[in-house]
Amino acid sequence: MSSHTPSLVLGSPRFTDARLAALASTDGPLAAWQAACAADASSAALQATGDFAVGLQEPSGRTFLAVDRFAIRSLCYRVVDGQIRFAGRADELADGADIDPQAIFDYLYFHAIPSPRTIFKGVFRLPPGHYALFEHGKLTVAPYWVPTFIEPRSASFSSLREEFRGLVRNAVSTQLDGGKAACFLSGGTDSSTVAGMLSEIGGKQGQKAATYSIGFDAEGYDEMEYARLASRHFNTEHHEYYVTPDDLVRSIADVARSYDQPFGNSSALPSYYCARKAKDDGVTKILAGDGGDELFGGNSRYAKQRVFGWYDMLPSGIRSGLMEPVLARTAESSISLLSKASSYVEQAKVPLPDRLQMYNLLLRLGVNDVLTPAFLSQVNIQGPAEQQRGIWSLPTTGSQLNRMLAFDWRYTLAESDLPKVCGTTKLAGLGVGFPMLNEALLDFSLKLPLEYKLKGLKLRWFFKEALRSFLPDEILTKKKQGFGLPFGVWATRHDGLRAVATDSLNSLATRNIVRPAFIRSLLTERLQEHPGYFGEMVWILMMLEQWLQAHAPEYKMPT
């Protein structure tokens, strides 16, 4: 391993300090980063906004690393023999590194491998909002930014609405690269907002915004009608592509192997085909709507957890002396209402964030039923939960809701949705921007009253009300869906797709990670019984095996 790694500057950092901004403009972002580090390395990353990853070898011999607040840009590092190397991808640093069984367990738990771990032992990924300093053989990794929520009790809706609309418009505008203005359009609130702002901006310049949507010919999975509605409303140049099982057969291996480690977000495949369609039309950069739900309170679990929170407000005597004993006796009852009440209490008694994993796929299927004893002997089953508790405790907030939002910034955005979009657009040859994650919008969301995010059980109340009359009412009231993939349904009906899945899982069965009996049951019984539910596990295992075949074909747990 070389002792020297050239400096690396990724992304599009925008420097808030006037001197640094001028330096970046004249001499490039590397010069600005060098000046910021020379002044104070521990706070250098606070001088930048936008998406960035930076690795600097300073004249003093010290190495500085940092990534943006959401880790839109990725940076990995490895220390060997007292020397540090860094790169944008984990596999660029993997020479001679072993596969980490704990990372495989984390993947099966999260469907991705959360930072700082990577699939390779000794190779780490810098978590979002973190910097690292390596000096005299010592590595220090720490957050330079931690979410701090203000949580005012009241605010002026009308003034906030106008400020918000201006911030969204500016966030979209600053992401344009001078080429064809284009965005993903699922027909949801976020993507429709981006499309609408693009249309406004393009209209002033005499250009139509281009929108790209994915559909599926499978009942319950297609929401193209909402994308078409938004396109008509904003008069965009609309493009559609219907993904087929044959598309999956052609591209599963390519997408799985393009990532630097196993990645199991199943909407990566539709995202890839959407990006390819835009690339074929001459688009050079496409905008995505990711982030609005997590900044402004749009995921259904936020309302669900508020309902569980009401249980905690009951006097302890009523909870333990009356409700719990009665419901415990009726837990097996055939009376649906009582069964639901018993389930409610069971979940409400589990503290956050552990409660969020009560329906975790791996845990529901049974760790010991899915994984081999040899593999389990090499991992800490409690590792993911322990990490999540640490992340849960970080933000400065007295609110459960805001803590959940910040939690999702890490696990939903930084570790899953953003790598999905960044990875698939890169594979398609496109740049990508995330206007909803603009720092001004982030700061705005940190200061919103709680009830503006979740009003009673109404999700993202402020966001929707602020955009009423801008977005069509049908989109404001529609049920959230996204680019969900009907893989399980298709795998039971399409011979080619079933063959890819079967071959992949049978190959995985030889690695002594997953129990062969579980794989047989999954493929021959469970997938047929409940394609939507068990199809997710088939997908996760298939993508793991596809990645291993390309990057670690000989890997196998010793018996």
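The buried residues of helix H23 are covered by elements that include helix H7 (245-258), helix H22 (487-491), helix H24 (516-529) and helix H25 (531-551), where covering rests on contact, meaning heavy atoms within 4.5 Å. Helices (H or I, at least four residues) and strands (E, at least two) are DSSP runs, numbered from the N terminus. This is a predicted model, in which local features need pLDDT of at least 70 and side-chain atom pairs count only at pLDDT 80 or more, while totals for chains, interfaces and linings use all residues. Residues are numbered from 1 along each chain as its sequence is written, and side-chain values use heavy atoms, with hydrogens and water left out.

In H23, the residues Leu497, Val500, Ala501, Ser504, Leu505, Leu508 and Ala509 are buried, buried being under 20% relative accessible area, exposed over 50% and partly exposed in between (1.4 Å probe, protein chains only). They cover an arc of only 165° around the axis, and therefore lie on the same side of H23; the arc is that of the directions from the helix axis to the C-beta atoms. The exposed residues Asp495 and Asp503 are carried by the face of H23 that is turned away from its buried side. The end C-alpha atoms of H23 (residues 495-509) are 21 Å apart, which agrees with the 21 Å that its 15 residues should span at 1.5 Å a residue, the expected span being 1.5 Å times one less than the number of residues. In helix H6 (residues 224-234), the buried residues are Met224, Ala227, Leu229, Ala230, Ser231 and Phe234.

**Aromatic rings**

Rings of Phe, Tyr and Trp (its six-membered ring) pair if their centres lie within 6.5 Å, with planes under 30 degrees apart counted as stacked, over 60 as edge-to-face and the rest as tilted. By this rule the count comes to 31 aromatic pairs. Trp145 and Trp409 form a stacked pair, with 6.4 Å centre to centre and 15° between the planes. This pair links distant parts of the chain, since Trp145 lies in the loop between strand E10 (138-143) and helix H4 (157-173) whereas Trp409 lies in helix H17 (residues 400-428), 264 residues apart. Both Trp145 and Trp409 are buried.

One aromatic cluster is formed by Phe157, Phe164, Phe296, Phe444, Tyr452, Trp461, Phe462 and Phe463. Two rings of this cluster, those of Trp461 and Phe463, have a charge over them, which requires NZ of Lys or CZ of Arg within 6 Å of the ring centre and within 35 degrees of the ring normal. Lys455 lies over the face of Trp461, at 4.4 Å from the ring centre, and the charged end of Arg460 sits over the ring of Phe463, 4.0 Å from its centre.

**Buried polar side chains**

Arg125, placed in strand E8 (residues 123-125), counts as buried because its relative accessibility is 12%. The side chain of Arg125 makes polar contacts with the side chains of Ser74, at 2.4 Å, and Asp260, at 2.9 Å; a polar contact is a pair of N or O atoms within 3.5 Å, of which, within protein, one must be able to donate a hydrogen and the other to accept it, and residues adjacent in sequence count only if both atoms are side-chain atoms. Not counting residues up to four places away in sequence, Arg125 also touches others, including Tyr77, Ser115 and Pro116.

Ser191 lies in helix H5 (residues 189-204) and is buried, with a relative accessible area of 7%. A polar atom of the Ser191 side chain lies 3.0 Å from the backbone nitrogen of Ser186.

**Backbone geometry**

Most residues other than glycine have a negative phi, and most peptide bonds are trans.

| Site | Feature | Value |
|---|---|---|
| His111 | positive phi | near 70° |
| His136 | positive phi | about 55° |
| Asn235 | positive phi | about 55° |
| Ser115 and Pro116 | cis peptide bond | omega about 10° |
| Leu352 and Pro353 | cis peptide bond | omega about 5° |

His111 is in the loop between H3 and E8, and Pro116 is found in the loop between helix H3 (101-110) and E8.
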